[in-house]
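Colleague: Thanks for sitting down with me over this one. Could you show me the model before I start asking about it?

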Amino acid sequence: QTRPAAGDDRELLITPVQDGAQYAVGVRSKNIAGARSVAVAAPTHTVIGKTAKPGAPDQLLVESLVDGTRRFVIVQNAVDADVKSGGGWQIRYFLGDTSDFDAMTPLHDGLLTASPYETAQLAAGLYTFAVKAVDSSGNASEAAAFAANVILDDPPLRNVLLRRLETIEGWPGTRTDCFVDANRLFAESAGTWDDATQPWDSYTASWNTFLGNKSPISYRTPVIDLGIDVGFAPLVTVEGTGAMTITIRHATSAEGPPAGAFGPVGTAEILARYVQVEVTAADPGAPTIDEITTVFDAQGRVDRYQDINTLSFAAPYFQRLAPGHFRMATKSQELAAISQAQIIAFQNVGSGGWSSEVVSKAATVGGQPAAEFKLYNPAGAPADATVDIELRGPKS
């Protein structure tokens, strides 16, 4: 195909071309009389085009502002045209230290098209962050710009309506292709006993290390009931090994417990009573989920009670039902419902094995929202004690 050019041109754009196709290109000159020179051929050229990876960012700067907002500044001196038009950047995070971008969790939905980026996501802790450029075809830069050992303080929160750690809860939710060991979730083995090639006594490692692991693994929390419909911003942080996907589903009182599809957590406030969080970890080696921290940020109220002797305490907001069995209501009358209730501490009982149970967060005392508790002594019998109590919920 002939493409003429002026005599003083030093460049010529040849379009259209196909990605991955090979082209032979030659050039010859023609004088004013129409006589042509001998052609000079260039080596055969393979078009790379959109399959080429864009250049990497030069630096990622992370700053925690005075109010706790996290600010991310992406520095890239030379930005590819198809990153500027139709592409962008992806920032990922990891709770702890890593140099593996694939093992990190996306910080945001989609691609960023501008810098700086600000967010209130992520609980306090020590993090590694990294960013890659992504072009309009979805090709990511080969290298990433890392920001390691970043210490974040608490994010800007109006109030903590609920704070939940799955390790403290004992991983009571639904586990898929994983099991609990040392209070962490590990991948189940990809094989069975029939796949083992050596006698049992010859294996020194755990079952899932010599038969390979299932991947991905996932954990779904039980339905979290906030008591009433309330507006809040969800904040979910995950620690573990592998590429993490964090999703959420929720429903109002009228809708009942959520049964629809899970979607991205996002940063927007939601209105809901029932909430479930699901985390998936994928890793070709050994995915783990070490911790899931869930925080619901809302205009809430916290009532704390200190040194409550459940045998002798008397107040309009307290009701003793039996030894070690009682109800505690809001004393401020500003809690619209009880979203979280806990015994913070036992007083003067020594170091041995007292425990507590939250029977209900939907009880009432004198018409006010209340939580119902049971206390157990080291022998496992219901017993009165002196305790500190905390009730949290949406503000009325």
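Colleague: Let's start with T288: in which strand is its place?

Modeller: First, a word on the ground rules: this is a predicted model, where local features need pLDDT of at least 70, side-chain atom pairs count only at pLDDT 80 or more, and totals for chains, interfaces and linings use all residues. Residues are numbered from 1 along each chain as its sequence is written, and side-chain values use heavy atoms, with hydrogens and water left out. Strands here are DSSP runs of E, at least two residues long, and helices are runs of H or I of at least four, numbered from the N terminus. On that basis, T288 sits in the strand covering residues 288-297, which is β21.

Colleague: Is T288 buried or exposed?

Modeller: Buried means under 20% relative accessible area, exposed means over 50%, and partly exposed is in between (1.4 Å probe, protein chains only). T288 has 5% relative accessibility, so it counts as buried.

Colleague: With which side chain does the side chain of T288 make a polar contact?

Modeller: A polar contact is a pair of N or O atoms within 3.5 Å; within protein, one must be able to donate a hydrogen and the other to accept it, and residues adjacent in sequence count only if both atoms are side-chain atoms. Contact in general means heavy atoms within 4.5 Å, and, not counting residues up to four places away in sequence, T288 touches R184, L185, F186, I217, G240, T241, M244 and A281. The polar partner of the T288 side chain, at 3.2 Å, is the side chain of D290.

Colleague: F186 is on that list. Is F186 buried or exposed?

Modeller: F186 is found in strand β15 (residues 184-187). Its relative accessibility is 18%, so F186 counts as buried.

Colleague: Which residues touch the most other members of the largest nonpolar core?

Modeller: A nonpolar core is a set of buried Ala, Val, Leu, Ile, Met, Phe, Trp, Tyr and Cys residues joined through side-chain atoms within 4.5 Å. The largest has 48 residues, and those touching the most other members are L60, I91, F129, F232 and I289.

Colleague: Which residues line the largest cavity?

Modeller: On a 1 Å grid over the protein atoms alone, a cavity is a set of points where a 1.4 Å probe fits but cannot get out, and lining residues have an atom within 4 Å of a point. About 50 Å³ of space lies in the largest cavity, a volume being the space filled by probe spheres set on the points, with grid points joined across faces, edges and corners. β7 (88-95) and β17 each supply at least two residues of its lining. The lining consists of Y93, F94, L95, A103, T105, V238, E239, G240, G242 and M244.

Colleague: Which element gives the largest share of the lining of the second largest pocket?

Modeller: A pocket is an open set of grid points with protein on both sides within 12 Å along at least five of seven lines. The largest share, six residues, comes from β26.

Colleague: What is the omega of the cis peptide bond that joins S215 and P216?

Modeller: P216 is found in the loop between α3 (207-210) and β16 (217-220). The cis bond joining S215 and P216 has an omega of about 5°.
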